[in-house]
Amino acid sequence: MKKILIIEDDIFLRKVISKKLLKEGYETIEAVDGEKGLESAKEEKPDLILLDLVLPEMTGFEVLGKIKKDPLISKIPVIILSNLGEKKDIEEGLGLGAADYLVKAHFNPGEIVDKIESILARA
């Protein structure tokens with residue numbers, strides 16, 4: 001069973017995504033802020049990380065940068081899932097090594113699962 005880490009401070013969205021992933025046969029781990037998310041990534045070594053950018057404690061950009069610099073977890077694909085849809089934010093996220101960048105308003109949980117499956121198939 002593939003393990004997905006969801007780093008998202010919005011409890012409703014985190015639970016909706018987690019529930020959808022569980023229904024699709026994934027194991028989920030949830031983190032409410034950047035610091036806990038980074039700790040969970042190191043401890044759990046998930047198959048993929050869904051990462052919000054606007055987080056307490058540490059921004060998603062900071063989390064992504066630290067993940068990609070850590071040889072033990074740098075190969076884990078990260079999908080950014082954010083409300084920040086500006087071109088500069090997308091370019092920064094992809095430039096830091098994100099596998100994909102999804103703007104929350106443009107995707108429903110089913111489409112997020114499709115993206116996860118597509119990226120895991122390539123990994």
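At the start of H5, a side-chain oxygen of Asn-108 comes to within 2.9 Å of the backbone nitrogen of Gly-110. This is a predicted model, where local features need pLDDT of at least 70 and side-chain atom pairs count only at pLDDT 80 or more, while totals for chains, interfaces and linings use all residues. Residues are numbered from 1 along each chain as its sequence is written, and side-chain values use heavy atoms, with hydrogens and water left out.

Let's look at H5 itself. (The expected span is 1.5 Å times one less than the number of residues.) Here is how some of its residues sit, with buried meaning under 20% relative accessible area and exposed over 50% (1.4 Å probe, protein chains only).

| Residues of H5 | Relative accessible area |
|---|---|
| Ile-112, Val-113, Ile-116, Ile-119, Leu-120 | buried, under 20% |
| Ala-121, Arg-122 | exposed, over 50% |

Seen down the axis, the buried residues of H5 fall within an arc of 130 degrees, so they line one face of the helix. They pack against strands S1 (3-7), S3 (48-51), S4 (78-82) and S5 (100-103), plus helix H1 (11-23); contact here means heavy atoms within 4.5 Å.

Now for S5. Asp-100 and Leu-102 on one side are buried, and so are Tyr-101 and Val-103 on the other, leaving both faces covered. S5 runs parallel to S4, joined by four bridges (pairing takes at least two DSSP bridges). Tyr-101 in S5 stands opposite Ile-80.

Definitions and conventions
Helices (H or I, at least four residues) and strands (E, at least two) are DSSP runs, numbered from the N terminus. The arc is that of the directions from the helix axis to the C-beta atoms. A polar contact is a pair of N or O atoms within 3.5 Å; within protein, one must be able to donate a hydrogen and the other to accept it, and residues adjacent in sequence count only if both atoms are side-chain atoms.
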